[in-house]
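Reader: I am new to this structure. Please walk me through the terms used to describe it.

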Amino acid sequence: GDVTVPSGSTLTISAGSTITFPALSDDQGSGRSASRSELIVESGGTLIIEGALGNEVTLTSDAGTKAAGDWQGIGVEDGGERIMRYTTLEYAVTGVRYEHTTATARTVTIEDSTLSNVSGSAVYVNSTTGAQTTLSLLRNTISNATNHGIYIDSTTAATLVSGTIADNTISVTGLNSIYLYG
C-alpha cells in the first residue's frame, strides 16, 4: 500500500536502505493511483532520502520480473519538502512528481541519483498559483523514461521556477530529455 508523510512530519530514509513497493497493487486504494503503491509527501511534510556514494538508497518494485510502471513513484503535494541524494529509483510510473500550488517558496533537491525504467516522466515538476520553486537537479542519471526525462511546468502569473539543472546524463526517453513549459 501507500506510505504517506503527513503535514508536520519528516520521513528520513538512511543510506543502504532498500524499499520495495508491491507491483500493480494498492491495498489502500488511495493516492494518485488506486491500483499502484506510492510514497506520498503531503503539504507540510518532508521527505529526506540520504544515500551515500557506494551506499545508495534503492526504491523499486517487488515483482519477480520488474517492469516500468509497477508502482506509482514519489508524489510530493502542494509544496511538501523533498531531498533525494544517492538514490536509485526504478520501475515506477513517474519517478518523482512534485506539485507546488501555493504561493510559498520551496526547494526540490535531487542529486547524484539514478532514475530509470519509468513508464511516465522520471522527474515531473508542476508549479502554479504564485509558487516559488527552486530546483537542484545535479549529477543524476536518467534512462528509459517513456515520456520525459525532466518535465517542468510553470504556467500561471507570479509563479517562478529557478535553480540549477546541471551535469545530468539523460538517455532513452520517449519524448524530450528536458521539457520546459511555461
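Reader: Which residues touch the most other members of the largest nonpolar core?
Author: This is a predicted model. Its largest nonpolar core has 30 residues, and Leu59, Ile74 and Leu115 touch the most other members.

Reader: What does Leu59 touch, not counting residues up to four places away in sequence?
Author: Its contacts include Ile19, Phe21, Leu39, Ile49, Trp71 and Ile74. Thr87, Thr88, Leu89 and Glu90 are also among them. Contact here means heavy atoms within 4.5 Å.

Reader: Why is Tyr151 called buried?
Author: Buried means under 20% relative accessible area. Tyr151 has 15%, so Tyr151 is buried.

Reader: How many aromatic pairs does a search of the whole structure find?
Author: The search finds four. In one of them, Tyr151 pairs with Tyr179.

Reader: Why is the pair of Tyr151 and Tyr179 called stacked?
Author: Ring centres must lie within 6.5 Å to pair, and planes under 30 degrees apart count as stacked. Here the centres are 5.1 Å apart and the planes 20 degrees apart, so the pair is stacked.

Reader: What parts of the chain does this pair link?
Author: Distant ones. Tyr151 is in strand 16 and Tyr179 is in strand 19, 28 residues apart.

Reader: How do you know that Tyr179 and Tyr181 form a stacked pair?
Author: Their centres are 6.4 Å apart, with 10 degrees between the planes. The limits are 6.5 Å and 30 degrees, so this pair is stacked too. Ring pairs link Tyr124, Tyr151, Tyr179 and Tyr181 into a cluster.

Reader: Where does the charged end of Arg97 sit?
Author: Over the ring of Tyr124, 4.1 Å from its centre. The distance limit for such a placement is 6 Å.

Reader: In what order do the six strands of the open sheet run?
Author: The order is 2-5-8-11-14-17, and the pairing is parallel.

Reader: Why do strand 2 and strand 17 stand at the edges?
Author: Each has a single partner strand, so one side of each is left without a neighbour in the sheet.

Reader: What makes strand 8 and strand 11 a pair?
Author: Two strands pair if there are at least two bridges between them. Strand 8 and strand 11 have four bridges, so they pair, in the parallel sense. As for Met84, its bridge partner in strand 11 is Ile110.

Notes
Residues are numbered from 1 along each chain as its sequence is written. This is a predicted model: local features need pLDDT of at least 70, side-chain atom pairs count only at pLDDT 80 or more; totals for chains, interfaces and linings use all residues. Side-chain values use heavy atoms; hydrogens and water are left out. Helices (H or I, at least four residues) and strands (E, at least two) are DSSP runs, numbered from the N terminus. Rings of Phe, Tyr and Trp (its six-membered ring) pair if their centres lie within 6.5 Å; planes under 30 degrees apart count as stacked, over 60 as edge-to-face and the rest as tilted. Buried means under 20% relative accessible area, exposed over 50%, partly exposed in between (1.4 Å probe, protein chains only). A charge sits over a ring if NZ of Lys or CZ of Arg is within 6 Å of the ring centre and within 35 degrees of the ring normal. A nonpolar core is a set of buried Ala, Val, Leu, Ile, Met, Phe, Trp, Tyr and Cys residues joined through side-chain atoms within 4.5 Å.
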